[in-house]
Amino acid sequence: MVVSGSQKTLMGPPGLAITIQPEPAHAGLIKAIRVAGGRRVPVGEAEVLVWMGEDAAELSSLLSGLPAVRWVQLPSAGVDTYLPCMCDRQTWTRAQGVYGVPVAEHALMLALACLRGVAVSVRSRQWSPQA
């Protein structure tokens, strides 16, 4: 895999046959697959499965009927719930670090809001001078 640019776009081998399950797939994810050179295909033709669901049993059931899938991308950093599905037949990847920057920015915003007394201002029914 190649990581390119500041957006950390992962690019696999050109033309990988990729499916997103369960449907419906998010438009941004579909675009990312196309931009990275992948081909979105029906589930039965896929080499790569991008799993966006939360039900590990559903994923396991789906994979049992997809012998051609050799790579599974999970939607979260944690994989504990998916361990029963995993086998050596596929490569498994996870979304580690995907949420790091947004979570850090959110935590900083909340800290600043607390320091500035935003909660009191939001509940106030009148304007008052800043102390």
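How many of the five residues of strand β3 (residues 17–21) are buried? In this predicted model, five of the five are buried, and the strand is mostly covered. Buried here denotes a relative accessible area under 20%, exposed one over 50%, and partly exposed the range in between, computed with a 1.4 Å probe on protein chains only. Strands (E, at least two residues) and helices (H or I, at least four) are DSSP runs numbered from the N terminus.

Residues are numbered from 1 along each chain as its sequence is written, and side-chain values rest on heavy atoms, with hydrogens and water left out. Because the model is predicted, local features require a pLDDT of at least 70 and side-chain atom pairs count only at pLDDT 80 or more, whereas totals for chains, interfaces and linings use all residues.

The predictor's confidence in each residue is given by pLDDT, on a scale from 0 to 100. The protein chain averages 85, and 88% of the residues score at least 70. Among the elements of the chain, β5 has the highest mean pLDDT (96) and strand β1 (residues 2–4) the lowest (42). Over residues 1–8 the pLDDT stays under 50, and the model has 11 contacts beyond four places in sequence for this stretch, a contact being heavy atoms within 4.5 Å.

Five strands form an open sheet in the order β4-β3-β5-β6-β7, with parallel pairing. Its edge strands are β4 and β7 (91–93), each of which pairs on one side only. Two strands are taken to pair if DSSP finds at least two bridges between them. Strand β3 is joined to β4 (residues 39–40) by two bridges, in parallel, and Ala17 has Arg39 as its bridge partner in β4. Four bridges join β3 to β5, also in parallel; here Ile18 is partnered by Val48 and Ile20 by Val50. On to β6 (71–73), the parallel pairing of β5 extends over three bridges, and Val50 stands opposite Gln73.

In a regular strand the side chains alternate between the two faces of the sheet. Both faces of β3 are covered, with Ala17, Thr19 and Gln21 buried on one side and Ile18 and Ile20 buried on the other. The faces of β5 are likewise both covered: Val48 and Val50 lie on one side, Leu49 and Trp51 on the other, and all are buried.

Leu59 touches Leu49, Trp51, Leu74, Tyr82, Cys85 and Trp92, residues up to four places away in sequence not being counted.

The loop between β6 and β7 holds both Gln90 and Pro84. Gln90 is buried, with a relative accessible area of 6%, and touches Leu63, Val69, Arg70, Trp71 and Val72 when residues up to four places away in sequence are not counted. Pro84, by contrast, is exposed, at a relative accessible area of 69%. Its C-alpha atom is separated by 8.6 Å from that of Ala57, 27 residues apart along the chain.

Helix α3 (residues 100–115) comprises 16 residues and reaches 23 Å from its first C-alpha to its last, close to the 22 Å expected at 1.5 Å a residue. That expected span is 1.5 Å times one less than the number of residues in the helix. Just after α3, Gly117 takes a positive phi of about 70 degrees.
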